[in-house]
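Colleague: Hi! Could you walk me through this one? I'm still new to reading structures.

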Amino acid sequence: MRLVVPPVINAAGLLPFLAQLGSVATVEAEIILDFSALRRVSPAGLVALAAMVKHWQSQHIHRIRFEGIHQCPILGYLQRMDLLRVCGVSSTEEFERHPSHGRFVPVQQIVDVDSISKGVAACLAPGGDDFEHPASPLYDLAAYVIGELGANVRQHSRGTGYVAAQVNKGEAMVRIAVADNGHGIRQSFVDAGLAWSHGLSDTAAIRKALEPRVSSKGEPVNQGVGLTLVTGLARHTQAWVLIVSGTGIVQMDPDGQVKEQSLPHGCFYHGTLVTLTFLHSKLQDFYTLLDTAKQEAGLLAKRPIRTRFT
Amino acid sequence: MKLELHLAEELGSHLADGAKAVAFRMVRIDPYVGMQADIVLDFTGVRHGNSSFVNGLLTGLLEEHGEALLDRMTFRGCNPVLRVLIEGAIALGIQKYDTRARA
């Protein structure tokens, strides 16, 4: 099967690309990915592609060929973002690598959640580990989001997860994306034996995962507040959110309006992708943000509790 | 008897992994709860925590032993975000304990 990677994989171009990836049957003997036309791709496109290539490789598809790499106008970007390295494609780099701090987080596999949460935050918001630093709100938000999404990948997905992020200084935006190639949100509920999950669509399963205290893992490991609070934080910072899992698509716009869709018939995204776009100008003190999101989700006590802090 | 645990020294400055928290709790805290020990959880040096981690560390404890356990617990060196996370985890645990008691 030949898959021509489209020229633009961001914003409106992302969902058609995911549908394209989701149309590949795992019985294919060979998959050719043609990169010659690609000239723009978001972190979400990169992690989705990395997760899917690794999934195909794990399914023992005999050959996965990357073609048109040297004709691709953004070859250097793909190399800097480590897409090719993660996918096992070797290529000569005709540039010198510089630290990516404050600019981007290359595609990387989620292995240790604590360290990747710390690493991504430090990379996106240099200096932000100091509470007094102007980058502190972004540091905390990034650490929190990656921590929760990374924990979901490790605990629920039964697959391999990847993260990437980008700071766009011109638009004052930060894009964060996490994708895995596991069994998807709906199947994780089904496998957990949750009776209400039978007959649920992939889109309905995503919506269910956004409700507080819904978890496929069960206690005591998980209390089911991860995605709830991530989307709560996104709502209060007027961020864009996109979640794709199986055939399901749920989007939230900066006004908090939620839109549900499905991938076209015959397309199935094998895993879960979550991507968020934050505006720098909307970020605020993380303590206030988290407290508000927790209050809204009903996750704080309704009466005083004597807790001893020293 | 007093149990004092320095989380940054034992687990690091960024605590996000709920599974790691549950494993830590089972080995390092649970055995001492039954011995009526006073428990000090020292978060000094912990820069960042997540709900998953703090819930994994505390919610199950409170669900099992109820609010009375707080008489023996002290949380030291918490930044404001950690305080919110701890308060949320405790509230969740107590709510579950109360629900179980009523059932």
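Modeller: Happy to! Let's begin with A11(A), which sits in the loop between strand 2 (8-9) and helix 1 of chain A. Keep in mind that this is a predicted model.

Colleague: Okay, is A11(A) buried or exposed?

Modeller: A11(A) counts as exposed, because its relative accessibility is 71% and the cut-off for exposed is over 50%.

Colleague: And what is phi of A11(A) near?

Modeller: Phi is near 45° there, a positive value in a residue other than glycine. Most residues other than glycine have a negative phi.

Colleague: Which other residue has a positive phi although it is not a glycine?

Modeller: Q238(A) has one, at about 55°. You'll find Q238(A) in the loop between helix 9 (226-236) and strand 9 of chain A. With a relative accessible area of 31%, Q238(A) is partly exposed.

Colleague: Let's talk pockets. What volume does the largest pocket have?

Modeller: The volume of the largest pocket is about 460 Å³. Its lining is made of 23 residues, and A11(A) is one of those that lie nearest the centre, along with W240(A), L242(A), Q251(A) and T277(A).

Colleague: Which elements give two or more residues to that lining?

Modeller: In chain A, they are helix 1 (14-22), helix 2 (43-58), strand 8 (173-180), strand 9 (240-246), strand 10 (248-252) and strand 12 (269-279).

Colleague: How do the residues of the lining divide into nonpolar, polar and charged?

Modeller: Twelve are nonpolar, six are polar and five are charged.

Colleague: Switching to chain B: where does S51(B) lie, and what does its side chain touch?

Modeller: S51(B) belongs to helix 3 (residues 51-65) of chain B. Its side chain makes a polar contact of 2.5 Å with the side chain of Y144(A). Another polar contact, of 3.5 Å, joins the side chains of S51(B) and K294(A).

Colleague: Is S51(B) buried or exposed, and why?

Modeller: S51(B) is buried, because its relative accessible area is 0%, and buried means under 20%.

Colleague: What about H6(B), where is that found?

Modeller: H6(B) is in strand 1 (residues 2-6) of chain B, and it is partly exposed at 26% relative accessible area. Its C-alpha atom is 24 Å from that of I94(B), which is 88 residues away along the chain.

Colleague: Last topic, rings! Which residue lies over the face of F131(A)?

Modeller: That would be R47(B), at 3.9 Å from the ring centre. Within chain A, K208(A) lies over the face of W196(A), at 5.0 Å from the ring centre.

Colleague: And how many aromatic pairs does the structure hold?

Modeller: Four, over all chains.

Methods. Residues are numbered from 1 along each chain as its sequence is written. Chains are lettered from A and ligands numbered from 1 in the order in which they are written. This is a predicted model: local features need pLDDT of at least 70, side-chain atom pairs count only at pLDDT 80 or more; totals for chains, interfaces and linings use all residues. Side-chain values use heavy atoms; hydrogens and water are left out. Rings of Phe, Tyr and Trp (its six-membered ring) pair if their centres lie within 6.5 Å; planes under 30 degrees apart count as stacked, over 60 as edge-to-face and the rest as tilted. A charge sits over a ring if NZ of Lys or CZ of Arg is within 6 Å of the ring centre and within 35 degrees of the ring normal. On a 1 Å grid over the protein atoms alone, a cavity is a set of points where a 1.4 Å probe fits but cannot get out, and a pocket is an open set with protein on both sides within 12 Å along at least five of seven lines; lining residues have an atom within 4 Å of a point. Grid points are joined across faces, edges and corners, and a volume is the space filled by probe spheres set on the points. Helices (H or I, at least four residues) and strands (E, at least two) are DSSP runs, numbered from the N terminus. Ala, Val, Leu, Ile, Met, Phe, Trp, Tyr, Cys and Pro count as nonpolar, Asp, Glu, Lys and Arg as charged, and the others, Gly among them, as polar. Buried means under 20% relative accessible area, exposed over 50%, partly exposed in between (1.4 Å probe, protein chains only). A polar contact is a pair of N or O atoms within 3.5 Å; within protein, one must be able to donate a hydrogen and the other to accept it, and residues adjacent in sequence count only if both atoms are side-chain atoms.
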